[in-house]
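This briefing goes through one protein model by topic, beginning with a single aromatic side chain and widening from there to strands, a pocket and the overall fold.

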Amino acid sequence: MTHQITNQHLQFVEKAKDAFQNNPLLETYRDHPANEMIALRMGADRDCVHVFELGGEVANFVQQMDPQPGPRKEVREFAQAMELQLASNEQKGHWKNEHWEFLKRGLSKNYHTLVTELLKEDHDKYEITLRCTNVANFAMMISDNYGGGKL
């Protein structure tokens, strides 16, 4: 399909060219707020501007990717493990009513069990993860009860 090149197209190419030259990492340029055209950096030398006119909206596909910036996969998985451990421990009572010394003892007990497991020749990976999540949970409980400052 061919289009008649208009002055509007040529002005858009100039804006896109300037944007591409000012930012060597930029690969696409849009004419905000109109959003009628999009330019792509093209060519073997990345020196071409390929312009497309945009049609109507198709759809907004939400939550298709991990939120950015977001915690790394390992952090999300660890947080989920913490949540499972916390849920099983909440049946014993809620930490909001506990003094920091009680929480510190729980943290210390789990820490020492963790170190003991790490020193074993053939350590149990599940036990290590369990103790790490408990250490993190007790630290979080202390922070929740006594901290609260933004980092």
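**The aromatic pair**

Phe12 is buried, since its relative accessible area is 3%, and burial requires a value under 20%. The model is a predicted one, and a search through the whole of it finds one aromatic pair. In that pair the ring centres of Phe12 and Tyr29 are 5.5 Å apart and the ring planes make an angle of 40 degrees, so the arrangement counts as tilted.

- Because Phe12 belongs to helix H1 (residues 7-22) and Tyr29 to strand S1, the pair ties together parts that lie 17 residues apart in sequence.
- Leaving aside residues up to four places away in sequence, Tyr29 touches Phe12, Lys15, Ala16, Ala19, Phe20, Met37, Ile38 and Ala39.
- The C-alpha atoms of Tyr29 and Lys17 are separated by 9.0 Å, with the two residues 12 positions apart along the chain.

**Strands and hairpins**

- Strand S1 (residues 28-30) runs antiparallel to strand S2 (residues 37-42), and three bridges join the two.
- Tyr29, which takes part in the aromatic pair, has Ala39 as its bridge partner in S2.
- Six residues lie between S1 and S2 in the hairpin that these strands form, and Asn35 in the turn has a positive phi of about 55 degrees.
- S2 is also joined to strand S3 (residues 48-53), again in an antiparallel arrangement, by six bridges, and Met42 stands opposite Cys48 of S3.
- The hairpin of S2 and S3 has five residues between its strands, and there Gly43 adopts a positive phi near 95 degrees.

**The second largest pocket**

- The second largest pocket, with a volume of about 220 Å³, is lined by His3, Gln4, Ile5, His9, Leu10, Val13, Val51, Phe52 and Glu53.
- Helix H1 and strand S3 each contribute at least two residues to this lining, which by class comprises five nonpolar, three polar and one charged residues.
- His3, one of the lining residues, is located in the segment before H1 and is classed as exposed because its relative accessible area of 51% exceeds the cut-off of 50%.

- Glu117 is found in helix H3 (residues 100-119) and counts as buried because its relative accessible area is 8%, where the limit for burial is under 20%.
- When residues up to four places away in sequence are not counted, Glu117 touches His123, Asp124, Glu127 and Ile128.

**Overall fold**

- The protein has four helices and three strands, which follow one another from the N terminus in the order α-β-β-β-α-α-α.
- Of its 151 residues, 21% count as buried, Phe12 and Glu117 being among the residues described as buried here.

Note on methods:
Residues are numbered from 1 along each chain as its sequence is written. This is a predicted model: local features need pLDDT of at least 70, side-chain atom pairs count only at pLDDT 80 or more; totals for chains, interfaces and linings use all residues. Side-chain values use heavy atoms; hydrogens and water are left out. Two strands pair if DSSP finds at least two bridges between them. Rings of Phe, Tyr and Trp (its six-membered ring) pair if their centres lie within 6.5 Å; planes under 30 degrees apart count as stacked, over 60 as edge-to-face and the rest as tilted. Buried means under 20% relative accessible area, exposed over 50%, partly exposed in between (1.4 Å probe, protein chains only). On a 1 Å grid over the protein atoms alone, a cavity is a set of points where a 1.4 Å probe fits but cannot get out, and a pocket is an open set with protein on both sides within 12 Å along at least five of seven lines; lining residues have an atom within 4 Å of a point. Grid points are joined across faces, edges and corners, and a volume is the space filled by probe spheres set on the points. Ala, Val, Leu, Ile, Met, Phe, Trp, Tyr, Cys and Pro count as nonpolar, Asp, Glu, Lys and Arg as charged, and the others, Gly among them, as polar. Contact means heavy atoms within 4.5 Å.
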